[in-house]
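The following exercises concern the fold of a single model. Each task is followed by a solution worked out in steps.

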Amino acid sequence: MAKYETMLITSAALDEETTAALVGKFKSLIEANGTIDSIDEWGKRRLAYPINDEEEGVYTVIDFTSEPSFPAELDRVYKITEGVMRSLIIAHEE
């Protein structure tokens with residue numbers, strides 16, 4: 001098992017319920033394939049540069065532990081999910 005951190009930026013144009021459901025979907029996916037160590041909801045922030053003509057995004061940071069093969073699957077799901085503007089997954093050094 002390895003430790004990872006993922007940052008997810010969802011569209012600020014989505015309402016709070018839709019954003020919570022979207023983040024909940026990823027929480028469930030991570031819990032099904034590993035364990036969540038911590039979740040840090042940063043909320044709505046101004047983006048450094050516009051993405052898809054949007055100036056703001058909702059940031060969520062999740063620290064988790066999983067098998068080394070899982071982050072590739074998580075990244076694939078991020079890319080095909082509507083409402084996800086950007087995502088990043090990094091591995092923590094032991």
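**Exercise 1. Determine the order of the strands in the sheet and the sense of their pairing.**

Solution. Step 1: four strands form an open sheet in the order β2-β3-β1-β4, with antiparallel pairing; two strands pair if DSSP finds at least two bridges between them. Helices (H or I, at least four residues) and strands (E, at least two) are DSSP runs, numbered from the N terminus. This is a predicted model, in which local features need pLDDT of at least 70 and side-chain atom pairs count only at pLDDT 80 or more, whereas totals for chains, interfaces and linings use all residues. Residues are numbered from 1 along each chain as its sequence is written, and side-chain values use heavy atoms, with hydrogens and water left out.

Step 1: β2 and β4 are the edge strands, each pairing on one side only. From one strand to the next, the twist averages 15°.

Step 2: the antiparallel pairing of β1 and β3 extends over ten bridges. Lys3 stands opposite Thr65 in β3.

**Exercise 2. Identify the buried and the exposed residues of α1.**

Solution. Step 1: α1 comprises residues 16–33 and reaches 26 Å from its first C-alpha to its last, close to the 26 Å expected at 1.5 Å a residue. The expected span is 1.5 Å times one less than the number of residues.

Step 1: Thr19, Leu22, Val23, Phe26 and Ile30 are buried (under 20% relative accessible area; exposed is over 50%, partly exposed in between, with a 1.4 Å probe and protein chains only). They lie on the same side of α1 because they cover an arc of only 90° around the axis, the arc being that of the directions from the helix axis to the C-beta atoms.

Step 2: Glu17, Ala21, Glu31 and Ala32 are exposed on the other side of α1.

Step 3: Thr19 counts as buried because its relative accessibility is 9%. Beyond its neighbours within four places in sequence, Thr19 is in contact with Thr10, Ser11, Leu14 and Val58.

**Exercise 3. Which residues touch the most other members of the largest nonpolar core?**

Solution. Step 1: a nonpolar core is a set of buried Ala, Val, Leu, Ile, Met, Phe, Trp, Tyr and Cys residues joined through side-chain atoms within 4.5 Å. Among the 14 residues of the largest core, Leu8, Phe26, Ile30, Phe64 and Leu74 touch the most other members.

Step 1: β1, α1, β3 and α2 are the elements that give two or more residues to this core. A second, separate core of five residues includes Ile9, Ile51, Tyr59 and Met85.

Step 2: with neighbours within four places in sequence left aside, Phe26 is in contact with Leu8, Leu74, Val77, Tyr78, Thr81 and Val84.

**Exercise 4. Describe the backbone of Asn52 and Asp53.**

Solution. Step 1: most residues other than glycine have a negative phi. Asn52, however, has a positive phi of about 55°, and Asp53 has one of about 65°.

Step 1: Asn52 is exposed, with a relative accessible area of 65%; Asp53 counts as exposed at 79% relative accessibility.

Note on methods. Contact means heavy atoms within 4.5 Å. Axes are lines fitted to C-alpha atoms, for helices over the stretch in contact, and angles run from 0 to 180 degrees between N-to-C directions.
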